[in-house]
Amino acid sequence: MSNTQKQVVVAVTGASGAAYSLRLVETLLNAGCLLHVVISNAARQVFAQEVGLTPPSAGAEAKDWLTMMDQVRSGSHGQDWRFQDTPVDPAVASAGRLRQYGLSDFNASAASGSAQVEGMVVCPCSMGTLAAIANGASSNLIHRAADVQLKERRPLILVPRETPLGLIQLENMVRLGRSGATIMPAMPGFYHEPQGMGDLVDFIVARICDHLHVPHSLGRRWGS
Ligand SMILES: Cc1cc2nc3c(=O)[nH]c(=O)nc-3n(C[C@H](O)[C@H](O)[C@H](O)COP(=O)(O)O)c2cc1C
């Protein structure tokens, strides 16, 4: 691992939008980041429902996630995602740039403020995880790592998906926004004339990468 490699925690929870997390992982690997990945149990149910796949478990590496992304691209679940670029070269996204941890693994570096993690993304973020983070109830590694980001005043990007939103959910978002988190709902725009679902996914992933200051080539920028 190079000393300059940007370290990002990617937490995947049980809100709808498995494709966002897959595309995010692929894009961050393509940019040369070192990812610390953790998935909730409910997210596994969502993956089964939405892409017909079982996500990798603790100990998985970059190639395991890229293989899954390839399956999604090839329409393994009967969907045509139409991502507009070519897949990541496995030689570029080599093993060692992704470390996956178990949900209860508090020995993971992301569980401590001493780790040199630059940013964390919860994508997609369920209302349950949003509530836990908003209330400092750190009962799993995702909640704890998010807590750490907030107390260390480091970037925490939450990508909630729910509609409509109840008052408790809205208040949790306000609380998190006041605490320094960025609330980035999975609300793709349509003004960039998307050609398919891949473009809608990329709209959100591009915004996440921008906030992490990670270079990418997803979609056209407005005015360019
Ligand atoms: C297929 C499926 C889709 C779901 N979609 C959402 C959703 O969009 N937003 C949400 O907040 N919860 C959604 N849920 C419910 C959450 O998964 C559930 O509240 C769970 O307890 C969240 O746990 P987690 O935060 O540990 O992942 C969904 C569940 C399933 C099985």
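How are helix 4 and helix 6 oriented to each other: roughly parallel or oblique? Keep that in mind as we walk through this predicted model, in which local features need pLDDT of at least 70, side-chain atom pairs count only at pLDDT 80 or more, and totals for chains, interfaces and linings use all residues. Residues are numbered from 1 along each chain as its sequence is written.

**Stop 1: helix 4 and helix 6**

Select residues 127–134 for helix 4 and residues 167–178 for helix 6. Helices (H or I, at least four residues) and strands (E, at least two) are DSSP runs, numbered from the N terminus. The two helices pack at an angle of about 45°, with their axes 9 Å apart. Axes here are lines fitted to C-alpha atoms, for helices over the stretch in contact, and angles run from 0 to 180 degrees between N-to-C directions. Helix 4 and helix 6 are therefore oblique to each other; angles under 35 degrees count as roughly parallel, over 145 as roughly antiparallel, 65 to 115 as roughly perpendicular and the rest as oblique.

Now show M127, L130, A131, I133 and A134 of helix 4, which meet Q169, N172, M173, R175 and L176 of helix 6. Residues are in contact if their C-beta atoms, placed from the backbone, lie within 7 Å. By class, this contact has 7 nonpolar, 2 polar and 1 charged residues. Ala, Val, Leu, Ile, Met, Phe, Trp, Tyr, Cys and Pro count as nonpolar, Asp, Glu, Lys and Arg as charged, and the others, Gly among them, as polar.

**Stop 2: helix 4 and helix 5**

On the helix 4 side, look for T129, A132 and I133; on the helix 5 side, for I142, H143, A146 and D147. This contact has 4 nonpolar, 2 polar and 1 charged residues.

**Stop 3**

You will find 6 of them in an open sheet, in the order 3-2-1-4-5-6, with parallel pairing. Two strands pair if DSSP finds at least two bridges between them. Strand 3 (98–101) and strand 6 stand at the edges with a single partner strand each, so one side of each is left without a neighbour in the sheet.

Zoom in on strand 5, residues 156–160, where 5 of its 5 residues are buried, meaning that 20 or more other C-beta atoms lie within 10 Å of a residue's own, with C-beta atoms placed from the backbone. L156, L158 and P160 lie on one side, with I157 and V159 on the other. Strand 4 (residues 119–125) pairs with strand 5 over 4 bridges, and M120 stands opposite L156. Strand 6 (residues 182–183) is joined to strand 5 by 2 bridges; here L158 stands opposite I183.

Move to strand 1 (residues 7–12) and strand 2 (residues 34–39), which pair in the parallel sense over 6 bridges. V10 has V37 as its bridge partner in strand 2.

**Stop 3: helix 1 and helix 7**

Finally, select helix 1, residues 18–30, which packs on the sheet and touches strand 1, strand 2, strand 3, strand 4 and strand 5. In helix 1, show A19, Y20, R23, L24 and T27; they meet V201, D202, I204, V205, I208 and C209 of helix 7. By class, this contact has 8 nonpolar, 1 polar and 2 charged residues.

Conventions: Two residues are in contact if their C-beta atoms, placed from the backbone, lie within 7 Å. A residue is buried if 20 or more other C-beta atoms lie within 10 Å of its own, exposed if 12 or fewer, and partly exposed in between; C-beta atoms are placed from the backbone.
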